[in-house]
Amino acid sequence: MFKNIILLLLCCFIFTACVKKEVPKDDLTKILERGKLIVGVRDDTAPFGFRDQKGNLTGYDIELAKQLAKGILGSEKKIEFVPVTASDRIIKLSSGEVDMLAATMSITNNRLQILNFSAPYYYAGQAILVNKSSNMTSLRDFQGKRLIVIFGSTSEGTLRTNVPEVEIIGYKTYREAYKALKAGKADGIVADDSILMNYAVKDSSVHVLPKRYSKEPYAVAVRKESDSERLLESIDYVIENLQRTGKLFRMQEKWKLKD
């Protein structure tokens with residue numbers, strides 16, 4: 001009986017030793033095995049991410065994401081887009097719904113506490129969109145007035161610092177903000193100049209005030225954990241290659257982000 005027990009324990013030990021322990025997979029390994037990149041993008045921020053007349057996602061961020069898929073997986077078609085807003089994009093990234101964000105996301109000290117960012121792929125600056133009939137010329141003119149910001153953006157901090165007496169109204173999307181401005185619900189919209197200029201080009205009844213109130217480096221965001229380190233290295237490699245070859249500059253020209 002004792003010999004049988006010893007033999008059984010020995011067999012269990014040998015079997016356990018022969019079974020390979022499963023090594024946890026990092027984000028890049030999971031993406032390579034899946035064969036598809038899942039990217040959170042905006043669909044309301046032309047010319048970065050928006051829908052064309054057929055309803056297809058297009059824009060500078062969309063094209064960048066396709067270049068990332070091509071660099072990581074060998075084909076720009078191996079990609080899935082998930083629309084996000086300024087207020088839910090970090091949640092969708094943190095929950096694992098998306099692998100990364102290419103969604104007009106600027107690098108800030110607060111965001112660096114919870115996210116990791118790639119090298120910047122574009123620099124924007126905060127500006128103010130107003131109706132042509134407005135007599136406002138600078139941010140200081142809006143003391144006691146109403147300004148619109150997008151929930152989850154960096155604009156509110158700029159306003160609190162520069163014009164503490166301003167009334168801040170928040171909207172989830174740029175479409176809602178623009179409609180509110182046109183309806184007279186506020187005196188202006190504070191957001192990144194590259195996004196606001198798109199409205200001014202299409203609508204001659206609004207214009208962007210000349211002063212810029214910040215420098216906003218747009219970058220691709222990933223989760224702030226060790227499993228995302230190799231993925232971030234791959235993203236940086238693709239972006240640096242796009243910069244080195246001039247492809248990134250040509251993309252900015254294509255989407256009228258360069259004069």
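Because the model is predicted, local features need pLDDT of at least 70 and side-chain atom pairs count only at pLDDT 80 or more, while totals for chains, interfaces and linings use all residues. Residues are numbered from 1 along each chain as its sequence is written, and side-chain values use heavy atoms, with hydrogens and water left out.

Helices come first. Two packed helices are described by the angle between their axes and the distance between the axes. Here, helices (H or I, at least four residues) and strands (E, at least two) are DSSP runs numbered from the N terminus. Axes are lines fitted to C-alpha atoms, for helices over the stretch in contact, and angles run from 0 to 180 degrees between N-to-C directions.

Helix α3 (residues 60–73) packs on helix α9 (residues 229–245) at about 115 degrees, and their axes are 10 Å apart. That makes α3 roughly perpendicular to α9; angles under 35 degrees count as roughly parallel, over 145 as roughly antiparallel, 65 to 115 as roughly perpendicular and the rest as oblique. On the α3 side, the contact (heavy atoms within 4.5 Å) is made by Leu64, Gln67, Leu68, Gly71 and Ile72, and on the α9 side by Leu231, Ser234, Ile235, Val238, Ile239 and Leu242. By class, that comes to eight nonpolar, three polar and no charged residues, where Ala, Val, Leu, Ile, Met, Phe, Trp, Tyr, Cys and Pro count as nonpolar, Asp, Glu, Lys and Arg as charged, and the others, Gly among them, as polar.

Next along is helix α10 (residues 247–254), whose axis comes within 4 Å of that of α9, crossing at roughly 80 degrees. That makes α9 roughly perpendicular to α10. Leu242, Gln243 and Thr245 of α9 meet Lys247, Leu248 and Arg250 of α10, a contact split into two nonpolar, two polar and two charged residues.

Helix α10 also meets α3: their axes come within 10 Å and cross at roughly 150 degrees. The pair α3 and α10 is therefore roughly antiparallel, and α3 passes α10 in a right-handed crossing. From α3, Tyr60, Glu63, Leu64 and Gln67 meet Lys247, Leu248, Met251, Gln252 and Lys254 of α10. This contact has four nonpolar, two polar and three charged residues.

On a 1 Å grid over the protein atoms alone, a cavity is a set of points where a 1.4 Å probe fits but cannot get out, a pocket is an open set with protein on both sides within 12 Å along at least five of seven lines, and lining residues have an atom within 4 Å of a point. Grid points are joined across faces, edges and corners, and a volume is the space filled by probe spheres set on the points.

The structure holds one cavity of 30 Å³ or more. The largest cavity has a volume of about 100 Å³. Of its 17 lining residues, Arg89, Thr104, Ser153, Tyr174 and Asp192 are the closest to the centre. Strands β12 (188–192) and β14 (216–218) are the elements that give two or more residues to this lining, which has six nonpolar, six polar and five charged residues.

The largest pocket has a volume of about 320 Å³. Its lining takes in 13 residues, with Met197, Asn198, Val201, Trp255 and Lys256 nearest its centre. Helix α8 (residues 193–202) gives the most to that lining, with six residues.

A cis peptide bond joins Ala46 and Pro47, with omega about 5 degrees, and Pro47 lies in the loop between β2 (44–45) and β3 (49–51). Thr104, in the loop between β6 (100–101) and α5 (109–112), has a phi near 45 degrees, a positive value in a residue other than glycine.

How values were computed. A crossing is left-handed if the near helix is turned anticlockwise from the far one by less than a right angle, and right-handed if clockwise.
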